[in-house]
Each structure stands twice: as structure tokens, then as C-alpha cells.
Amino acid sequence: MFGSETYFRVLGVQLNALQIPDVITRMEGWIHERNGCHAVAATSMHGIVEAQHDPSFKEILNTTDLVVPDGMPLVWLGRRRGHHLARRVYGPDLLLAFCEKTKSRGYRHFFYGGEPGVAQRLSESLATRFPGLKVVGASPHRSRSLSVNEDAEMVEMIGRAAPDVLWVGLGEARQDRWMHVHKTRLRVPALVGVGAAFDMLSGRRKQAPRWMREHGFEWCFRLVQEPRRLWRRYLVYGAQFIAYLALESLRRKDFEVGDVPTRHRASGKE
């Protein structure tokens with residue numbers, strides 16, 4: 001239905017060379033076909049480095065249905081590999097674009113994640129912004145690990161709501177792991193990890209100006225806002241990302257060793 005897939009690899013992680021309209025088309029296809037639960041991970045430099053630290057996380061990314069570049073360094077690398085990537089697949093923009101395009105189609109939305117009250121404020125804001133949008137649930141994610149019974153209750157709650165799209169806002173890596181673990185237990189056509197979109201679109205945190213977001217400087221804005229929480233992600237992981245790319249380009253380290261992708265193995269191009 002969707003034609004040949006194009007992708008590129010960064011440090012052993014396979015990324016789909018898609019843009020927001022392509023992702024929306026794919027999501028709508030899943031909703032119409034209703035042939036299982038599918039996941040979208042919007043990853044950045046942080047996710048790629050986390051995959052080097054944790055081989056099991058690299059495997060999660062490489063078996064996720066769509067992994068798209070939410071970060072300008074990955075967009076730049078994709079362009080160098082010959083792909084036409086005009087912009088990043090930025091979580092807040094993906095969420096808004098999907099709601100705008102499909103607001104009159106009756107799709108059922110559920111929002112899971114964020115601190116208490118955030119998902120609810122987000123859902124109310126979107127319902128006001130996009131008349132006709134059908135929100136069937138909003139729930140925060142508890143900071144502590146859920147017990148087996150609590151997790152089962154959460155899955156049952158989502159099941160009763162019967163959403164077409166489950167928007168997951170737990171933060172990069174964490175939300176990708178969550179979707180991977182719960183994918184076989186949820187009867188939802190599309191799970192979409194959108195990270196900080198919950199906080200930004202609910203008004204809890206400010207977004208960087210568009211020019212910063214589109215030219216690779218959003219990290220500066222966010223680091224100033226939350227230095228204690230984000231210094232390691234941007235400064236330590238950023239330095240590691242550059243070092244890993246240098247090692248790979250100098251053929252001093254093979255980041256593909258031990259990794260066999262199972263997603264789109266026979267299609268697309270490097």
C-alpha cells in the first residue's frame with residue numbers, strides 16, 4: 001500500500017527517511033486496515049546514543065514499525081546519505097498536524113503520559129483548537145513503576161476507551177520501551193511517542209522559537225530552561241554522539257556488529 005520504504009542507518013540504528021505527511025499517511029493506513037498494533041518512535045541524538053549504551057534498546061528501535069528523525073543532527077546525516085529531508089519529525093508538530101488533517105474523520109484519541117493534569121489539559125486544549133476532535137481518554141503516567149495489577153488495569157482502561165491513536169508522552173527512550181512492552185497487549189492501531197509535546201502543547205513548558213527548532217539550536221533553549229535535568233543529555237550525550245560518529249567514519253569501531261535489523265530488511269536504500 002505504501003510503496004518502497006527508504007531508510008538510513010546511524011550508528012547501527014535504522015531510521016525511516018520520512019516527513020510528517022508521510023507519517024500521517026502511514027498512521028491513517030494502520031487505522032483503516034486495523035491489522036494489529038503499530039508504533040512510531042521519533043528519536044534524536046539522545047536515543048541513538050542510548051542505543052549504544054544499551055543493546056536491548058537498539059534492538060527495540062530496530063524492531064519498531066517507524067523510527068523517524070526528531071533532531072536536526074539526524075536530519076543532516078540523512079541528507080548526507082542522499083535523502084530529501086526538509087525538516088525533522090518534531091513530536092509537537094506531528095501531533096498538531098495529525099489533528100488538523102483528521103479532525104473531521106472521527107478518529108478516537110487517547111493521551112497517556114506527563115505529570116498529573118498535563119494529559120487532561122492537553123486533551124482539552126486540542127479539543128478546543130480542533131472542533132470535532134474525538135478525545136476518549138487522558139491519563140498521567142505515575143513516576144513510580146506500576147505493579148502487575150496496576151499495569152493490567154491501565155491496559156484495560158485504554159482497551160475500554162478503544163482509541164485509534166494512543167499518544168504517549170513519557171520522554172524519549174522511556175516511551176519507546178513502554179510501547180515495545182505494551183504493543184502486544186493493546187488493541188490500538190497506532191502508538192505514537194511524542195516526548196515533550198505533552199508539556200509544550202499543554203502550556204506547562206515553553207517551546208523554543210521556530211528558527212531555533214529548525215536550525216538545530218533547540219537544545220540551547222531547553223538546556224537553559226532545565227539545566228539540572230538536561231545537562232547530561234545535551235552535553236555528555238552530545239559529545240559521545242560526535243565521538244561515535246568520528247570512530248565510525250575512521251573505521252575504528254563497527255556499530256553494526258551483532259545487530260541484525262528486522263524492520264524493512266529487504267526494502268529501501270542506504
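**View 1. The largest cavity is lined by Arg 87, Arg 88, Tyr 90, Asp 93, Arg 210, Arg 213 and Glu 214.** The model is predicted: local features need pLDDT of at least 70 and side-chain atom pairs count only at pLDDT 80 or more, whereas totals for chains, interfaces and linings use all residues. Residues are numbered from 1 along each chain as its sequence is written, and side-chain values use heavy atoms, with hydrogens and water left out. A cavity is a set of points on a 1 Å grid over the protein atoms alone where a 1.4 Å probe fits but cannot get out, and lining residues have an atom within 4 Å of a point. Grid points are joined across faces, edges and corners, and the volume is the space filled by probe spheres set on the points. The search of the whole structure finds 1 cavity of 30 Å³ or more; the volume of the largest cavity is about 50 Å³. Helix H10 (residues 210-214) supplies the largest share of this lining, 3 residues. Helices (H or I, at least four residues) and strands (E, at least two) are DSSP runs, numbered from the N terminus.

**View 2. Helix H8 (residues 174-182) has Gln 175, Asp 176, Trp 178, Met 179 and His 182 buried.** Buried means under 20% relative accessible area, exposed over 50%, and partly exposed in between (1.4 Å probe, protein chains only). These residues lie on the same side of H8, because they cover an arc of only 160° around the axis, the arc being that of the directions from the helix axis to the C-beta atoms. The buried residues of H8 pack against strands S3 (38-43), S5 (108-113), S7 (165-169) and S8 (190-193) and against helices H3 (55-62) and H7 (148-161), with contact meaning heavy atoms within 4.5 Å.

**View 3. Gly 47 is found in helix H2 (residues 45-53).** Gly 47 is buried, at a relative accessible area of 0%. Beyond its neighbours within four places in sequence, Gly 47 is in contact with Phe 57, Leu 61 and Glu 172. Gly 47 and Phe 241 are 194 residues apart in sequence, and their C-alpha atoms are 10 Å apart in space.

**View 4. The structure holds 0 disulfides.** A disulfide is a pair of cysteine sulfur atoms within 2.5 Å. Cys 99 is in no disulfide, and the nearest cysteine sulfur, that of Cys 37, is 18 Å away. Cys 99 is buried, with 0% relative accessible area, whereas Cys 220 is partly exposed at 26% relative accessibility.

How values were computed:
1 Å grid on protein atoms, 1.4 Å probe; cavity = no way out; pocket = protein on both sides within 12 Å on 5 of 7 lines; lining within 4 Å.
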